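Please keep the sequence and the model in view while reading.

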Amino acid sequence: MLPSPLCVVYSDRFKEHDTGRHPENAHRMDAIINLLQKSLPPESVLWKEPRHTAGEELAWIHEKSLIQSIKDLAETGGGSVDPDTVVSPASFEIACLSAGAGLAGVDAIFNREARRVFIVSRPPGHHAMPSVAMGFCLFNNIALAARYAQKQYGIERILILDWDIHHGNGTQAVFYEDPTVFFISTHQHPLYPGTGFPHETGKGQGKGFTRNLPFPPYTDPEIILEAVQETLDEVVPRFKPELLLISAGFDGHREDPLGNWRLEEKHYTALTDMARAQANRSCEGRVLSFLEGGYNLTALADSCLAHCQALFKK
Ligand SMILES: [Zn+2]
């Protein structure tokens with residue numbers, strides 16, 4: 001069977017993570033999925049359900065005490081782990097499902113069901129640190145998927161490109177001393193969480209395998225795109241990744257309420273095209289993309305559609 005051009009991993013259960021009045025809410029899922037279902041050619045998309053992930057897998061990247069504390073908080077009725085980050089009674093289970101969505105996506109790629117995968121899940125993941133949940137994120141979905149691809153499919157080198165407007169501090173922390181996962185993040189600075197300086201380049205064996213590209217508010221989108229392109233052109237031929245993962249946040253959109261960048265749908269198309277071209281060069285075209293932020297529902301859905309349409313291309 002020929003692989004589908006695109007696999008989208010999604011479950012309605014992601015709406016059960018109840019954050020109350022919060023920018024990261026269940027309406028995000030409906031906005032994205034309704035538009036994708038209406039606009040993408042049905043014969044070209046493989047819709048896939050996530051699978052659950054167990055504590056054992058989460059412990060590859062998280063301290064057991066963090067996993068247990070989220071579980072305990074959910075079981076006792078929920079609460080907040082910080083002013084931004086909410087745990088509802090269903091949140092532990094749904095966070096495990098959100099992390100498991102990435103694993104289902106990795107399986108789809110290596111079982112040759114699809115070459116490109118978009119994970120539409122919540123809670124998002126890139127701020128989740130090994131021992132701390134923060135920034136709307138409980139578990140680090142993209143970091144777990146990278147580890148899983150290595151353990152399950154013997155993939156040695158993985159490139160993570162994070163273009164959410166916030167620095168992917170959790171993902172950086174997981175792989176900071178690891179030369180097998182190259183982490184590139186472009187983000188607004190200054191902005192939450194305050195990390196992601198150019199001098200943060202990795203540590204020990206991982207020195208040189210983290211690259212941060214911070215830009216101030218209102219930066220011309222073309223400058224951001226150029227920096228990402230230059231960095232990919234330099235890193236990919238040298239590092240030779242076998243799998244490309246994207247932390248696709250769409251909160252750099254000009255309409256987004258949480259950031260001050262000026263990206264539009266066409267810029268997300270351009271970023272996706274860059275990633276796809278690099279994956280074709282080095283990774284047999286394999287791209288696995290994770291929804292992170294994006295809080296203006298119309299801009300978010302339109303940007304996700306542009307992203308998927310660019311993932312479709314050869
Ligand atoms: Zn963000």
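This is a predicted model: local features need pLDDT of at least 70, side-chain atom pairs count only at pLDDT 80 or more; totals for chains, interfaces and linings use all residues.

**Pairing of strand S6**
- S6 and S9, the latter covering residues 243-248, run parallel and are joined by five bridges.
- S6 also pairs with strand S7 in the parallel sense, over five bridges.
- In S7, the residue opposite Ile 158 is Val 181.
- Together with helix H6 (residues 169-174), S6 and S7 make a right-handed β-α-β unit.

**Burial of strand S6**
- Five of the five residues of S6 are buried, so the strand is largely enclosed by the rest of the structure.
- In a regular strand, side chains alternate between the two faces of the sheet.
- Both faces of S6 are covered, with Ile 158, Ile 160 and Asp 162 buried on one side and Leu 159 and Leu 161 buried on the other.

**Helix H7**
- Helix H7 comprises 19 residues (221-239), which should span 27 Å at 1.5 Å a residue; the C-alpha atoms at its ends are 26 Å apart, in agreement with that expectation.
- Ile 224, Leu 232, Val 235 and Val 236 are the buried residues of H7.
- These buried residues pack against strands S6 (158-162), S7 (181-188) and S8 (210-215), and also against helix H8 (265-282).
- Just after H7, Lys 240 adopts a positive phi of about 50°.

Conventions:
Residues are numbered from 1 along each chain as its sequence is written. Helices (H or I, at least four residues) and strands (E, at least two) are DSSP runs, numbered from the N terminus. The expected span of a helix is 1.5 Å times one less than its number of residues. A residue is buried if 20 or more other C-beta atoms lie within 10 Å of its own, exposed if 12 or fewer, and partly exposed in between; C-beta atoms are placed from the backbone. Two residues are in contact if their C-beta atoms, placed from the backbone, lie within 7 Å. Two strands pair if DSSP finds at least two bridges between them. A crossover is right-handed if, with the strands pointing away from the viewer, the path from the first strand over the helix to the second runs clockwise.
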